[in-house]
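Okay everyone, thanks for coming.

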Amino acid sequence: MAAVLPFQMSPRRFVFVLFVFVLSLHYLLTIVFKDYGHLPSFTKFADRLGLSKYYSNGTENERYNNHSLIPSDTLIANANFTVNDSDRANATFVFLCRNSDLPGVVASIQQMEDRFNRKHGYPWVLLNEVPFTEEFKERVRVLTDAPIHFGQIPAEHWYQPDWIDEEQATASRLRMMAQGIIYAGSVPYRNMCRFNSGFFFQHELLRPYRYYWRVEPEVKFFCDVTYDPFKFMEANNKVYGFTISLVEWEATIPTLWDTVKEFIVNNPKYVSPDNSIGYISGNQGESYNLCHYWSNFEIADMDFWRGEAYQKFFEFLESKGGFYYERWGDAPVHSIAVSLFARKEQVHFFRDIGYRHENFQHCPSGDVWARGRCACDPKDTFDYHPNSCLRKYEDLFS
Ligand SMILES: Nc1nc2c(ncn2[C@@H]2O[C@H](COP(=O)(O)OP(=O)(O)OP(=O)(O)O)[C@@H](O)[C@H]2O)c(=O)[nH]1
Ligand SMILES: [Mg+2]
């Protein structure tokens, strides 16, 4: 007996009507729900049917491979991601890490994806001074549909330069160890601080991008990020964004401020007329108050680091050898530069992003906390802790 079809259609007509119905439903859902069009499973299904060209501008992989600035040997994962380029700023996540950081890397990326990037598809750039292992790449790739680039850092951007006097550097490390300073004896830690201060934005995988969001292992993103911070930076001409601000351990930077002053005396033209000197000094630059933005979280504009003022500034700091003779951190270096060379309105406190890097956290409060479904106690926030410098930042605008 022939099967009874709905509306007594012929099988061929039924298949045709079903196909038209599914296609129309898909179009309708794409228009009504923005996220629907980002679902990878449907993307793959449509790709298989050859329908992708009707609803997307090509896959992410095609667009990135067409990007003349992306090196051809870059590993690009997850070719099926489909968010229009026009939906995003020219931005990426930056994650410097070691193979041994894997569990913490996975935890941080998972949270960032769940709380923000699942809806946006910003790429990830992971950097390491040695190649990432296959296991590392495999474990990270499954966490996102966005493109992921795994890059190796050129040796000259990472290792202690030959012209550093090793005897002097060793003596200084031993002195700092005797003072009980954290990472006092570590050369890799110094490599990391110097790389983050002067080189990461020059890496070939980062050259195509303007804005970045720095992520570290084992950090926490407590809240849904309900808007696009990169777009916010772009629309408001911001240069640097932070969530936590605190005082530095002076013994790590004994001569940094004198070096900064020497640079400024010789290069006054780089200082912005509307700078935020009040954030880093209580006496118009005579001395440094040790305040800095905590750089394990940064949303910032790499064109600022690539610009003439910062380039000359970093060159001068580098020439003094303080990354190795002392233990200059990228946080005070970045913060001092931003405070001097940018306009104060270009520095932004991301009050609405809940974030923790041991041992401190910023937890939003009020409506933002509720709307962001924040998994932190709004009373537990570093904002006005005695070692926080947030008040000094806020005073810039009062
Ligand atoms: N590839 C590589 N990455 C490193 C190295 N040292 C540190 N990093 C990364 O650089 C970032 C900062 O290093 P951390 O060790 O977290 O430094 P920190 O935040 O000052 O100190 P913690 O309180 O220990 O987190 C992290 O993303 C690390 O994974 C290294 O030798 N090689
Ligand atoms: Mg850290």
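So, which helix gives the most to the shell around ligand 1? That's helix H9, residues 187-198, with three residues. Keep in mind that we're looking at a predicted model here.

Let's stay with the ligand for a bit. Around ligand 1 you'll find Leu96, Cys97, Arg98, Asp101, Asn128, Glu129, Pro188, Tyr189, Met192, Glu216, Pro217 and Asn296. Sort that shell by class and you get six nonpolar residues, two polar and four charged.

Now zoom out to the protein chain. We've got 18 helices and twelve strands. There are 398 residues, and 37% of them count as buried. If you take contacts between residues at least 6 apart in sequence, 80% of those join residues at least 24 apart.

Last stop, Tyr270. You'll find Tyr270 in the loop between helix H11 (256-266) and helix H12 (277-280). Is Tyr270 buried, exposed or partly exposed? Well, Tyr270 has 18 other C-beta atoms within 10 Å, so we call it partly exposed; buried would take 20 or more, and exposed 12 or fewer. Leaving out residues up to four places away in sequence, Tyr270 touches Ala309, Lys312 and Phe341. Then there's Tyr310: it's 40 residues from Tyr270 along the chain, and their C-alpha atoms are 8.7 Å apart.

Okay, that's me done. Over to you.

Definitions and conventions
Residues numbered from 1 in each chain as written. Chains lettered and ligands numbered in written order. Predicted model: local features only at pLDDT ≥ 70, side-chain atom pairs only at ≥ 80, totals over all residues. Near = placed C-beta within 6 Å. Helix = DSSP H or I, 4+ residues; strand = E, 2+ residues; numbered from the N terminus. Nonpolar A, V, L, I, M, F, W, Y, C, P; charged D, E, K, R; others polar. Contact = placed C-beta atoms within 7 Å.
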